Amino acid sequence: MSGKTYIVTGGTGFVGNNVIRELLRKGAQVRTLVRSKAKADEALKGLNVEVFLGDVRDKEAVERLFSGFEGRKITFIHTASVVLIGGNGDQYKTMDDVNYNGTKNIIETCLKHKTRLLYVSSVHAITEPPRRRLTTEIERFDPKSVVGKYAKSKARASALVMDAIKNQGLNAVLVHPSGITGPNDYSDTHLTQMVI
């Protein structure tokens with residue numbers, strides 16, 4: 001992996017932070033987009049990572065991540081999202097905006113730069129099978145068939161990615177993590193709070 005270049009959104013989040021650490025451990029060059037300098041100073045302290053401040057909803061901020069990388073083969077790992085379980089209307093609107101429109105901006109930018117995308121979706125984007133059967137990967141995401149506003153936002157975003165793969169030639173992979181916990185959780189996620 002030495003010499004490979006990665007862009008990671010959500011570097012101060014649990015998944016993004018651990019992905020960055022693993023990529024750096026393997027000798028990759030990593031650039032990340034984060035919304036908070038204070039959080040980045042804590043979560044990424046001592047790591048050899050280029051930190052860009054911005055928001056995935058801002059197309060210009062996403063485009064800046066590619067500055068100076070012209071002609072390089074890049075893998076874009078999109079981990080940034082808002083996870084909200086219980087909230088108010090404005091918070092849900094922000095969550096949907098980040099999870100859906102942020103992903104839309106990233107898809108468009110990856111298509112423009114012919115960049116491979118790894119999109120971190122959620123198991124909640126997958127329609128649960130009847131009678132407690134095992135959940136398997138799917139190709140069609142239906143926000144109407146999942147429960148909860150977070151699940152619907154991730155299903156909508158996953159559908160965008162799949163549509164871009166099928167109809168626009170996007171080189172992408174979707175992963176669907178479930179409840180995860182472990183070291184370097186600077187976002188204090190729900191599962192970490194429960195374990196603590």
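**Notes on the pockets and cores**

1. The largest pocket holds about 1,100 Å³ of space. A pocket here is an open set of points on a 1 Å grid over the protein atoms alone, where a 1.4 Å probe fits, with protein on both sides within 12 Å along at least five of seven lines. Its volume is the space filled by probe spheres set on the points, which are joined across faces, edges and corners.

2. A quick word on the model: it is predicted, so local features need pLDDT of at least 70 and side-chain atom pairs pLDDT 80 or more, while totals for chains, interfaces and linings use all residues. Residues are numbered from 1 along each chain as its sequence is written, and side-chain values use heavy atoms, leaving out hydrogens and water.

3. Who lines that largest pocket? There are 43 lining residues (an atom within 4 Å of a point), and Ser 81, Val 82, Val 83, Tyr 150 and Thr 189 lie nearest the centre. H5 gives the most, four residues; helices are DSSP runs (H or I, at least four residues), numbered from the N terminus.

4. The second largest pocket has a volume of about 200 Å³. Of its 13 lining residues, those closest to the centre include Arg 72 and His 113.

5. Now the largest nonpolar core: 35 residues, with Phe 76, Leu 117 and Leu 170 making the most contacts inside it. Such a core is a set of buried (under 20% relative accessible area, 1.4 Å probe, protein chains only) Ala, Val, Leu, Ile, Met, Phe, Trp, Tyr and Cys residues joined through side-chain atoms within 4.5 Å. H5 is the top giver here too, with seven residues.

6. Look at Phe 76: its contacts (heavy atoms within 4.5 Å) include Ile 7, Leu 65 and Leu 117.

Key:
Helices (H or I, at least four residues) and strands (E, at least two) are DSSP runs, numbered from the N terminus. Buried means under 20% relative accessible area, exposed over 50%, partly exposed in between (1.4 Å probe, protein chains only). Lists of a residue's contacts leave out its neighbours within four places in sequence.
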